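Notebook open, viewer open. I'm jotting things down as I look them up, starting with charged pairs.

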Amino acid sequence: MLLRAESIAVRVAGRLLFDGVTLEIRAGDRIGLVGPNGAGKSTLLRVLAGDDEPDAGRVVLARRTRVGRLRQEIEPDAEGTVGDAVAAALGHLDAVERELAEVSREIEAAGRAGAEPAADVAHRWDELRARFAAAGGFERDARIGRVLAGLGFAPADRDRPLAALSGGWRMRVELAKLLLSEPEVLLLDEPTNHLDLPAIEWLESFLDAYGGAVVAVSHDRTFLRRHVRRVAELAAGALTDYGVGYDAYLAARAERIVRAQEAAEEQARKRAEIERFVERFRYKASKARQAQSRIKMLERMDRESAPPVPVRSKRMRLHVPEPDRAGETVLALEKVVQRYGERTVYDGLDFEIRRGERVALVGPNGAGKSTLLRIAAGRLPIERGVRRLGHNVRAVFYAQHQLEALDPERTVLGELESIASLADAARARDHLGSFLFSGDDVSKRVGVLSGGEKARLALAKLFLRPANFLVLDEPTNHLDVDACEVLEDALAAYAGTVLLVSHDRALLNAVATRIVDVRAGRVRDFRGNYDDSLRALEAESAARAAAAEPRSASEPAAPAKAHRLSRERRRAAERNARELGKVEAAIAEHERRLGAAEARLGDPDVYRDGERMREAEAERAALRSALDALYERWSELAEENEAAAAAEAS
C-alpha cells in the first residue's frame, strides 16, 4: 500500500460534496477516477495530494512515498525559462552534485600534493557518486531532453521565457516537471487536455513504462480504455471502486443499476402488499396479531432499505438544429499564404471541403491546424490568396479558448441572451435546460461555474441557431465523458458540414469521414476516420520497408518441384487457416468469459463475500493466462501464414 484514503468527507460552501470516500492505492495501480462534472474529482485529487484538508477522515501515506499532482490551474506570473522550470524538478540532484564536486576537489588537491586522499574522503566520494548515478544524475540532461521532445518542445524552446508561452504550453511544462520528478504516486487531472495526438501517444508510452501508481481523471475514453485497469466512480457524494477496466466498468455499472432498480421495485411491491394487509385487517380482532406482525415488518423494511440505485447522471440533450442546404462546395482556399512575422505557416495552400464532409485536422502542435480553422471560419484574414465560402453557407466557430470569452459578470441566461434574437429569447430557458442548466442554475453568475459548466454554456451558445458549417477547435475539452458521448452522437447525425481539431480519438473515430494531416505547411488527405488513417500510414511504412529489402538472386526451382512445393504450401496454409479460425473463436469465447468474470468482480455482493471474491479473482487470472497463450498461438499462426503467402508470391 502506497496511499490510503479513509472515510474522507469534503464540504464546499456548506454543501456536502462527498462523504465516506475510501480508496487504497497500491504500487503499479492504474486507476481511472470518473464521474460527472461537479462531483468533486479534482477536489479528491487535491485531498489525496495533501494540498487540501478533508472535513472528515484522513489520508495515510506509506513511508518515503512521494505524491505528485498535475493541476488544471497554472501560476499566472511564472518566471524563468522552460529549461529552468523543468530542471527544477530534478533540483534534489543539485545538492548531491555540489557536494560531489567539493569532495572531488579535495581528492584532486591531495593528488597535486603527492598524497593519497583520506580514507573517509574517498569513501564519501564513492557514496556520493553512487547516489548521483542511482538518481539518474549523469543522464539528467538527456532525460530532460527526452521528456520535452516527447511533449512537443523543440530544442530551442528550452530558452523560451515561460511568460511567452500560452496556457496550454505552460501546462505541458508542468506535466514535464511532474514526469521527471517520478513520484511513487502520480495524480493526473485531465492530462491529455492540452496535448496534441503525437504528445498523447508519447505520454501513453511513458506511462506504460512508469513504475509508480497512477490515478487519472480524464474524459479521453481511448486513454481510459488503454491505460486504466481499475475504475473508481465518484457520483452523488459517494465513491464506488469497481476494480475493473473501463469497458468492464461500463458493463458492470449498467448491470448494477438494473439489479438495484429491480430490488427497489421488488421491495416496493412487498411493501404495498403488506400495507394493504395492515389496512384491511388491523382493526379485526381475529387478524390483529398478524397485522401487528406486518407493521413490525414495515418498520424493519424502513430500517433495512433496499440498496441505493446508482445515480444515472443527467445527460445533455444536444440537438443540432436542422441546417439549410448549402452548395456542393462549402469552402475553397486557393494559393493561400499566411505568415506570423518571419515564420511562414502556409505558402500557396489549396484546400477544399465538400457538403456533408466531416473533416478532422490532425498533426503536431504548431503545424498550423488552428490557423487553418480560423481561416476557414473567417476569423483570420489571409495575407494572400482566395478564401471562398460556397452558396448559402453559414459558418459558426467554436474556439479552443471559447470559455475565456464568456462574461464572468453575466448570468447563464444573460450570456445566452446576449447573442439571442427576439425569436430565440422565448426558448432560451428550454434551450439551456437541454444543456443541464435548469431552475436556479440559469441565474448563476458565469464566474462561479466549473470548467465543465462553462463548456456546456459555450456549446449552448454555439447551437442556439441553425448553421450548416461547424468549425470546432477542441470541442470536448472540459466536458465529462457523458457530455463527450452526447456531442459525438449529435455530430455523427448532423446533416451539415464539420471541420474540427480534437485530441479525442474516440470522437475522431466516431465522427470524421476524412482525416487531413497538417505538417510543415502541407496537407495530406486520408479517407475514413482516425484509425483508418493510421492503418494507411502503417501500410505505407511496411511497403517502403519491403521495397528497401534486397531481393534474393537465387535460381528459380524446376517446374515440377515448384508445383509440388506450391501444393504443400497451400495444404499447410489451409491447415493453418482452420486452426487460426478455431483459435480466434476460442479467443472470443475467453474474452466473453473474462468480461463476465470482471463484471462479477464489480458486483458489491461479490466483493463483500471473501470466498466468492477469491473464486472470481482466480477465474479471472486463469482466463487471462489462457488468453495470453491463445494470443501467442494466434501470433505464431499469423506469422506462419504471412511467411507462406510471401513464399507463394515469390
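This is a predicted model: local features need pLDDT of at least 70, side-chain atom pairs count only at pLDDT 80 or more; totals for chains, interfaces and linings use all residues.

I looked up its relative accessible area and got 11%, so R140 goes down as buried, the cut-off being under 20%. Its partner is D94: the two side chains form a salt bridge, 2.8 Å from N to O. D94 sits in helix α3 and R140 in helix α5 (residues 140-150), so this pair ties together parts 46 residues apart in sequence. I then checked the accessibility of D94, which comes out at 30% and makes D94 partly exposed.

The side chains of R124 and E99 meet in a salt bridge at 2.7 Å, N to O. I noted R124 as partly exposed at 24% relative accessibility, and E99 as partly exposed at 31%.

Back to helix α5 for R143. I get a salt bridge from R143 to E182, with the closest N and O atoms 3.9 Å apart. The cut-off is 4 Å, so the pair counts. R143 lies in helix α5, while E182 is in the loop between α6 (167-181) and β6 (185-189), so parts 39 residues apart in sequence are tied together. R143 is buried at 12% relative accessibility, whereas E182 is partly exposed at 40%.

How many salt bridges does the structure hold? I get 47.

**E204 and its network**

Some of those bridges join up: E204, D220, R226 and R505 are linked in a network of salt bridges. I picked E204 to look at in detail. Its place is in helix α7, residues 197-209. Is E204 buried or exposed? Relative accessibility is 4%, so E204 is buried by the under-20% cut-off. Leaving out residues up to four places away in sequence, E204 touches F223, R226, H227 and R505. Two of these, R226 and R505, are also members of the salt-bridge network. I also noted a polar contact of 3.1 Å between the side chains of E204 and R226.

**The helix that carries E204**

I went over α7 as a whole. It has 13 residues and spans 19 Å from its first C-alpha to its last, close to the 18 Å expected at 1.5 Å a residue. I listed its buried residues as L197, A199, I200, L203, E204, F206 and L207. What caps the N-terminal end of α7? That is D196, with a side-chain oxygen 3.0 Å from the backbone nitrogen of A199.

**Nonpolar cores**

Next I looked up the hydrophobic side of things. The largest nonpolar core has 48 residues, and L432, F463 and L470 touch the most other members. I followed up F463: not counting residues up to four places away in sequence, F463 is in contact with L318, V320, P321, H431, F435, L470 and L487. Apart from that core lies another, of 40 residues, including A85, V121, L151 and I200. I200 was already in my notes as a buried residue of α7.

**Two loop residues**

Then I checked a couple of loops. D55 is in the loop between α1 (41-49) and β4 (56-61). Its relative accessibility is 52%, so D55 counts as exposed, the cut-off being over 50%. D55 touches A9, V10 and R11, again leaving out residues up to four places away in sequence. Its side chain reaches the backbone nitrogen of R11 at 2.6 Å.

Last entry is P117, in the loop between α3 (92-112) and α4 (119-134). I have P117 as partly exposed at 27% relative accessibility. P117 touches I107 and A110, with residues up to four places away in sequence left out. The C-alpha atoms of P117 and I107 are separated by 5.4 Å, and the two residues are 10 apart along the chain.

Note on methods:
Residues are numbered from 1 along each chain as its sequence is written. Side-chain values use heavy atoms; hydrogens and water are left out. Helices (H or I, at least four residues) and strands (E, at least two) are DSSP runs, numbered from the N terminus. Buried means under 20% relative accessible area, exposed over 50%, partly exposed in between (1.4 Å probe, protein chains only). A polar contact is a pair of N or O atoms within 3.5 Å; within protein, one must be able to donate a hydrogen and the other to accept it, and residues adjacent in sequence count only if both atoms are side-chain atoms. Contact means heavy atoms within 4.5 Å. A nonpolar core is a set of buried Ala, Val, Leu, Ile, Met, Phe, Trp, Tyr and Cys residues joined through side-chain atoms within 4.5 Å. The expected span of a helix is 1.5 Å times one less than its number of residues.
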